[in-house]
Amino acid sequence: MAVQIVTERVVQMIKGELNGKSFTWMEILQGLCAEYKECYCKAAKENRKLLQIGFTITWAERTIICKDFTFELYPDMDVIYDKMLDYFKGSVKNFGEAKNVSYYVVTEKNTTISG
């Protein structure tokens, strides 16, 4: 009798927005990192791994920045903080206060079923 092993990959996307009227670049960075940390901790409890994070920032001048980070190896929070800080230092800080900030997190969970 043969045994069949199936690996199931379940991908989940979580979306959200930062609450507030306007944000400086540092408030955006801190807010996004706090949201990512919460998603990271929840995913870890559920045996899920982070695959990708991203965000969209809109300023009053209609300047829009969209950035995605995809991870080949599952990151820890230090990797996420470093990538975010590097990006914000070079690309975000000179735009003034943002009016809207949204984000997403993609996680996965692999399970093996044998029968």
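Visitor: Is Cys 41 buried, partly exposed or exposed?
Guide: In this predicted model, the relative accessibility of Cys 41 is 36%. Buried means under 20% and exposed means over 50%, with partly exposed in between. Cys 41 therefore counts as partly exposed.

Visitor: Which residue holds the cysteine sulfur closest to that of Cys 41, and how many disulfides does the count give?
Guide: The sulfur of Cys 41 has its closest cysteine sulfur in Cys 39, at 9.5 Å. A disulfide requires the two sulfur atoms to be within 2.5 Å, so this distance is too far for a bond. By this rule, the closest residue being Cys 39, the count of disulfides is 0.

Visitor: How far is the sulfur of Cys 66 from the nearest cysteine sulfur?
Guide: Cys 66 takes part in no disulfide. The nearest cysteine sulfur belongs to Cys 33, and the distance to it is 18 Å.

Visitor: Is Cys 66 buried or exposed?
Guide: The relative accessible area of Cys 66 is 53%.

Visitor: Are helices α1 and α2 roughly parallel or roughly antiparallel to each other?
Guide: Helix α1 covers residues 25–45 and helix α2 covers residues 77–91, and their axes come within 11 Å. These axes cross at roughly 160°. Angles over 145 degrees fall in one class, and α1 and α2 are therefore roughly antiparallel.

Visitor: Which residues of α2 make the contact with α1?
Guide: From α1, the contributors are Trp 25, Ile 28, Leu 29, Leu 32, Cys 33, Tyr 36, Lys 37 and Tyr 40. From α2, they are Met 77, Ile 80, Tyr 81, Met 84, Leu 85, Phe 88 and Lys 89.

Visitor: How many charged residues does the contact of α1 with α2 have?
Guide: Sorted by class, this contact has 13 nonpolar residues and no polar ones. Its number of charged residues is 2.

Visitor: Is the crossing of α1 past α2 left-handed or right-handed?
Guide: The question of handedness concerns the way in which α1 passes α2. The crossing of these helices is right-handed.

Visitor: Which residues does Lys 37 touch, not counting residues up to four places away in sequence?
Guide: Lys 37 lies in helix α1 and is partly exposed, with a relative accessible area of 42%. Although Lys 37 and Met 77 are 40 residues apart along the chain, their C-alpha atoms are separated by 6.7 Å. Beyond its sequence neighbours, Lys 37 touches Met 77 and Tyr 81.

Visitor: With which residues is Glu 35 in contact, leaving aside its neighbours within four places in sequence?
Guide: Glu 35 also belongs to helix α1, and its relative accessible area of 23% makes it partly exposed. With neighbours within four places left aside, the contacts of Glu 35 are Leu 18 and Tyr 103.

Visitor: What distance separates the C-alpha atoms of Leu 85 and Val 106?
Guide: Leu 85 is placed in helix α2 and counts as partly exposed at 31% relative accessibility. Along the chain, Leu 85 and Val 106 are 21 residues apart. Their C-alpha atoms are separated by 20 Å.

Visitor: Which residues does Gln 12 touch, not counting residues up to four places away in sequence?
Guide: Gln 12 has its place in strand β1, residues 5–17, and is partly exposed at 32% relative accessibility. Outside its sequence neighbours, Gln 12 touches Glu 46, Arg 48, Val 105, Val 106 and Thr 107.

Visitor: What is the phi of Asn 47?
Guide: Asn 47 is found in the loop between α1 and β2 (49–59), where it is exposed, with a relative accessible area of 59%. Although Asn 47 is not a glycine, its phi is positive, at about 60°.

Notes
Residues are numbered from 1 along each chain as its sequence is written. This is a predicted model: local features need pLDDT of at least 70, side-chain atom pairs count only at pLDDT 80 or more; totals for chains, interfaces and linings use all residues. Side-chain values use heavy atoms; hydrogens and water are left out. Axes are lines fitted to C-alpha atoms, for helices over the stretch in contact, and angles run from 0 to 180 degrees between N-to-C directions. Helices (H or I, at least four residues) and strands (E, at least two) are DSSP runs, numbered from the N terminus. Angles under 35 degrees count as roughly parallel, over 145 as roughly antiparallel, 65 to 115 as roughly perpendicular and the rest as oblique. A crossing is left-handed if the near helix is turned anticlockwise from the far one by less than a right angle, and right-handed if clockwise. Contact means heavy atoms within 4.5 Å. Ala, Val, Leu, Ile, Met, Phe, Trp, Tyr, Cys and Pro count as nonpolar, Asp, Glu, Lys and Arg as charged, and the others, Gly among them, as polar. Buried means under 20% relative accessible area, exposed over 50%, partly exposed in between (1.4 Å probe, protein chains only).
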